[in-house]
Every structure is written in C-alpha cells, then in structure tokens.
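Dear colleague,

Please find the structure we discussed below. My notes on what was found in it follow directly after.

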Amino acid sequence: MSGGTPLDPYALKEFGAGGFVRNKDLGGKTLITPKLSTVGLLMLVCIGQSLGANTCSGDYTCANPTLVANFNPYDAANYTAVDPLVGPTGDFGDFISPGVQKYSNQFIRVADKIITAGFAQRVLIANVNVGGTSISSWAGILKESLDQTLFRMQQAGYDPQTIPTAICQQQGTADRTMIQATYQGHMETMMDYIRTTKGWTNPKWVVAKETRNNTDVGTGQPAAVDALAALHPTYFFVGPDTDTILSADRYDNVHLAAAGADTNSTLWTTALDAVF
C-alpha cells in the first residue's frame with residue numbers, strides 16, 4: 001500500500017498450539033544497559049515444546065544476575081533473566097495444572113550452572129519454545145522462528161556465526177509414538193533449512209531425549225537423536241535424557257517440578273560442557 005509501513009520480513013513467526021501464546025510481558029524485567037558483554041559468552045537458543053518453556057513449578061532466582069541475560073526476540077534487547085522468560089510460551093495466565101505455580105524456566109538454572117562449571121563466563125538465553133508442538137511444526141513454519149531469532153541476535157551484535165552458540169532442543173513428548181525415521185526426517189529438514197538454506201553453520205545442535213508422559217515412554221525420538229549424533233558428529237550432539245526424570249519430579253506426570261527442573265538442568269549443563 002502506498003505510504004504504508006513495509007512488513008518486517010524478520011517478524012517472529014507465531015504458532016498457536018494448546019491455547020498457549022509466547023510471552024511478551026516485560027513486567028518485572030529490567031533492560032540491561034550497556035548490553036551483555038560478548039567476552040566469554042555462550043548463547044543458548046532454546047526451541048521445542050513446553051518442557052523448555054515457562055512451565056516448571058516453583059520459584060527460581062538467577063544466582064548470576066549480571067552474567068545471565070534474556071534476549072527478547074521481539075525487540076532484540078537484553079533483559080534480566082527472571083521468570084517467566086520473555087520469548088517462549090507460558091506466563092502467569094497459562095493453565096497447565098490446577099493449584100500449581102508453573103512459570104519458571106529451566107534454562108535460567110542451566111545458565112547458572114554453566115557459569116559455576118566455568119566453561120562460559122556469561123550466558124545469553126534466547127528462548128522461543130512453543131508448548132504442545134510437534135517436530136513436524138518445527139520442520140514447518142516454526143523453523144522460520146528459529147531463523148528469525150538467530151537473525152535478530154546477529155543484528156543486535158550477538159552473531160551466532162562467530163559467538164559460541166547452542167541450539168538447545170527440548171522437544172519430543174508430542175511425538176512419543178512417532179517412529180525413528182519420521183522424526184529423523186523432520187530434524188534433517190529443519191537443520192537443512194537453518195544450516196544450508198539460511199547459512200547458520202556455526203551453532204551446535206544439542207537435542208534432548210524427551211518422550212515421557214507418566215509411564216508412557218517412546219522409542220523413536222531417542223533413537224533418532226542417537227542416529228543423528230552418529231551421522232553429524234561435528235554439529236549434532238545428544239542432550240539430556242529427560243525421560244530418566246520420573247513422575248515423582250513432575251507435577252502432572254509430564255511437566256517438571258522444581259526438583260525435576262534442577263535435575264534436568266544439571267543434565268543439560270553436562271551435555272553442553274562436553275560440546276563447548
């Protein structure tokens with residue numbers, strides 16, 4: 001339209017699933033100025049479904065508030081890493097389980113543990129998880145959300161092509177009955193789009209094994225993760241085996257209670273330490 005504002009080709013693609021929407025609320029967040037230093041920086045670009053979103057129960061306070069930041073994919077600014085993170089689904093208004101406080105994000109714990117472990121001095125978290133999503137959605141429209149997030153980080157001075165970057169994928173519960181070949185094919189489609197079509201070749205993919213729903217555990221997704229790690233040893237790595245966390249540490253047999261989030265964040269830290 002003549003005189004209109006051009007559409008932003010890098011506007012973050014949205015995806016409605018399970019009644020959840022990505023959290024854009026900056027209430028309680030503090031803008032970090034000057035921006036987080038890139039010295040000793042590790043960037044976590046988190047994708048997947050609700051276990052990687054703001055769905056963990058309990059409160060968690062970042063132990064390294066000056067060394068960990070939440071990258072907002074909507075305005076490309078850095079904010080304090082406080083629950084609920086900006087970017088993924090899950091906020092105070094989401095309904096997951098009655099009577100359970102559930103807006104914490106496990107990746108703040110991961111960032112703290114990375115700094116304690118000493119293999120990075122600072123951590124920038126960009127989290128665009130969408131609750132309830134299948135790997136087919138991430139191989140579909142949501143792969144564009146990942147590309148757009150990487151681009152916005154680059155434009156903000158955090159270039160995923162030059163700064164150590166992990167694409168942390170916490171996804172699989174929605175696909176626990178999917179066979180290995182199908183899951184693996186969707187992963188290859190998504191990675192080919194990001195790595196070949198869009199040219200993001202530096203980030204390392206670290207993918208969790210995740211299928212558990214109470215006692216129902218799938219085999220296809222974990223087998224696909226192992227197979228992809230063998231096929232692509234320079235850029236694809238096995239993440240935490242989240243299926244080892246049993247229902248006692250999940251408040252509704254699926255989503256992580258505080259103890260489960262702490263356990264899984266330790267598994268994430270160990271996996272990332274092996275890569276970086």
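In these notes, a residue counts as buried under 20% relative accessible area, as exposed over 50%, and as partly exposed in between. Asn214, with a relative accessible area of 30%, is therefore partly exposed. Please bear in mind that this is a predicted model.

Most residues other than glycine have a negative phi, and most peptide bonds are trans.

Asn214 lies in the loop between E8 and H5, and its phi is positive, at about 60°, although it is not a glycine. Asn253 also has a positive phi, near 75°; this residue is located in the loop between strand E9 (236-241) and helix H6 (258-275). Asn253 counts as partly exposed because its relative accessibility is 28%.

Two peptide bonds are cis. One runs from Thr33 to Pro34, with omega near -5°, and Pro34 belongs to the segment before E1. The other runs from Asp83 to Pro84, with omega near -10°; Pro84 sits in the loop between strand E4 (78-80) and strand E5 (102-104).

**Helices H4 and H5**

How do the axes of helix H4 (residues 180-197) and helix H5 (residues 220-231) cross? They come within 8 Å and cross at roughly 50°, which means that H4 is oblique to H5. The crossing of H4 past H5 is right-handed. On the H4 side, the contact is made by Gln180, Tyr183, Gln184, Met187, Glu188 and Met191. H5 contributes Gly220, Gln221, Ala223, Ala224, Ala227, Leu228 and Leu231. By class, eight of the residues in this contact are nonpolar, four are polar and one is charged.

Lys209 is part of strand E8 (residues 204-209) and counts as buried, because its relative accessibility is 14%. Its side chain is joined to that of Asp226 by a polar contact of 2.9 Å. Leaving out residues up to four places away in sequence, Lys209 touches several others, among them Gln221, Pro222, Val225, Val238 and Pro240.

Glu14 is found in the segment before strand E1 (41-48). With 37% relative accessibility, Glu14 counts as partly exposed. Apart from neighbours within four places in sequence, Glu14 is in contact with Arg22, Lys24, Tyr74 and Ile141. Between Glu14 and Ile179 there are 27 Å in space, C-alpha to C-alpha, and the two are 165 residues apart in sequence.

With kind regards

Note on methods:
Residues are numbered from 1 along each chain as its sequence is written. This is a predicted model: local features need pLDDT of at least 70, side-chain atom pairs count only at pLDDT 80 or more; totals for chains, interfaces and linings use all residues. Side-chain values use heavy atoms; hydrogens and water are left out. Axes are lines fitted to C-alpha atoms, for helices over the stretch in contact, and angles run from 0 to 180 degrees between N-to-C directions. Helices (H or I, at least four residues) and strands (E, at least two) are DSSP runs, numbered from the N terminus. Angles under 35 degrees count as roughly parallel, over 145 as roughly antiparallel, 65 to 115 as roughly perpendicular and the rest as oblique. A crossing is left-handed if the near helix is turned anticlockwise from the far one by less than a right angle, and right-handed if clockwise. Contact means heavy atoms within 4.5 Å. Ala, Val, Leu, Ile, Met, Phe, Trp, Tyr, Cys and Pro count as nonpolar, Asp, Glu, Lys and Arg as charged, and the others, Gly among them, as polar. Buried means under 20% relative accessible area, exposed over 50%, partly exposed in between (1.4 Å probe, protein chains only). A polar contact is a pair of N or O atoms within 3.5 Å; within protein, one must be able to donate a hydrogen and the other to accept it, and residues adjacent in sequence count only if both atoms are side-chain atoms.
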